[in-house]
Structure formats: C-alpha cells, structure tokens
Amino acid sequence: MIEFISRLIALFLTFMLFPFLILTGLFLFLIQGKPIFFTQNRVGFKFKEFRLMKFRTMYLNDQKKMITDYNDNRITAIGKILRKFKIDELPQLINIILGDMRFIGPRPEVPKFVTYDKFSFLNEVKPGLSDFSSIIFRNEEHILSKLNCDNPYEKILPLKIRLAEIYSKNKSFRLDLLLTFLTIISIFNVKITLRLVIENILPMYDSDVKNNLIEFFRQL
C-alpha cells in the first residue's frame, strides 16, 4: 500500500509540475542543446539495475567520470543553479512512478561501488530521492575536495552504507516524514540541518555513528 501511495503521489506531483518541467526542459534545450536528460545505471532493490534520470547539468564530454568534483568545470552555468536547488533531480519522479525508487531511501549507487555483502540493505528497501546521507553529505563535492587521498569517495562510502543500514532497520512512515521535512530544510540551511541530524536525530537510532561523523568532519 505504501509503495502504491508513493507512486500515486509521484504521479500527482509530475502532473502538477508538468508545466515547470516542460519549461525547464525547453530552457535547457535552448541553452545547452540535446540531450536534455542525463541517465545512468544505478543499482536498485534486490540489486536490479535501472536507469536513473536527471536533467543534464554538465557539458557533453567523454571523461566518463562517475564522481563530481568540487567546482567541476563540466557543470554548466544553468546546471549550477539546478543542482543548488535540486531541480535536476525532479525527473526522478519518473523513476518513482516506474517503481525503481521511493521518495525516501538510500541514494542509489553506480554498480562500480556496489557489492552484495556491503549493500545487503537493498534486499530490504528501495533506493530513494533522499535519506540521512543525502542530508549529511549535501555538499558532497566540497567535502570530497577536502579529503587528501587518492580515492576520497571511498572515505565517505562506508559512512553512507552505515546510514543506509540505520534507515533500513528503522524504516517507518514517521521516519520518512521526518527525513522529508529535513530534506526540505537542508535546501535553505545546511548547517542547522546537519547539526540537528548528527547531534539529535541519529543518536536515537545509533550512538556510535554520531561519533564517527563528528570525527570525520573534524578531520576536514
């Protein structure tokens, strides 16, 4: 029933936002040209791969980089605006309607980083638009730029996996509502939301992860 309601809400939002989505797509076509959308393979529920959809925010290139760098020169001027306000994520409403994703759930990873043992939570929950890690690592590109190592994303990934496990073990309608609210707030004030999640909310589910996150951000 929850899945059906989630898909129904996504369908309703797509209908309500349809004029805005069309105008955004038209504007991107005029400014950036084709293609309007960016699609990429991600790993979903029960490890089934699907094509994630976003509005394209980067110049066309053949670098095949999977991680976006801080101030990445591939991002277009209009792309920076879309990414700041998460407008580029709106086409993922289609992924929700198709049943690939939920509104709240661990962000889907590219196949390169997924293993069956570490991502076992995908047997319990579908990936989503937002979760704990989406809020905590909202400025992921900036965080990655401060990590002085060859593979900075591998420093963040274990924390993301732990946060996904916490969500999968405590998934509830109440938690989904809370994460939805926090996601909206984080768009306007990242610092307050980050402090609230790490110091007040996460300790209710896992006290150790709070210390791990505090130590992680202290090292930046």
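What follows is a short chat about a predicted model.

Visitor: What should I know before looking?

Guide: This is a predicted model in which local features need pLDDT of at least 70 and side-chain atom pairs count only at pLDDT 80 or more, while totals for chains, interfaces and linings use all residues. Residues are numbered from 1 along each chain as its sequence is written, and side-chain values use heavy atoms, with hydrogens and water left out.

Visitor: OK, which residues touch the most other members of the largest nonpolar core?

Guide: They are Phe132, Ile136, Phe137, Leu202 and Leu213, out of 37 residues in that core. A nonpolar core here is a set of buried Ala, Val, Leu, Ile, Met, Phe, Trp, Tyr and Cys residues joined through side-chain atoms within 4.5 Å, where buried means under 20% relative accessible area, exposed means over 50% and partly exposed lies in between, with a 1.4 Å probe and protein chains only.

Visitor: And which element gives the most to this core?

Guide: Helix H6 does, with 9 residues. Helices (H or I, at least four residues) and strands (E, at least two) are DSSP runs, numbered from the N terminus.

Visitor: What does Leu202 touch?

Guide: Not counting residues up to four places away in sequence, Leu202 touches Phe132, Ile136, Leu163, Ile166, Val197, Val209 and Leu213, with contact meaning heavy atoms within 4.5 Å.

Visitor: Switching topic, how many aromatic pairs does the structure hold?

Guide: The structure holds 8, and rings of Phe, Tyr and Trp (its six-membered ring) pair if their centres lie within 6.5 Å, with planes under 30 degrees apart counted as stacked, over 60 as edge-to-face and the rest as tilted. Phe37 and Phe55 form a stacked pair, 5.4 Å centre to centre and with 15 degrees between the planes.

Visitor: Which strands do Phe37 and Phe55 lie in?

Guide: Phe37 lies in strand E1 (residues 37–43) and Phe55 in strand E2 (residues 49–55), so the pair ties together parts that are 18 residues apart in sequence.

Visitor: Are those two buried or partly exposed?

Guide: Phe37 is partly exposed, with a relative accessible area of 38%, whereas Phe55 is buried, at 3%.

Visitor: What about Lys54, is that residue buried or exposed?

Guide: Lys54, which is found in strand E2, is buried, with a relative accessible area of 16%. Leaving aside neighbours within four places in sequence, Lys54 is in contact with several residues, including Phe37, Asp88, Glu89 and Arg107.
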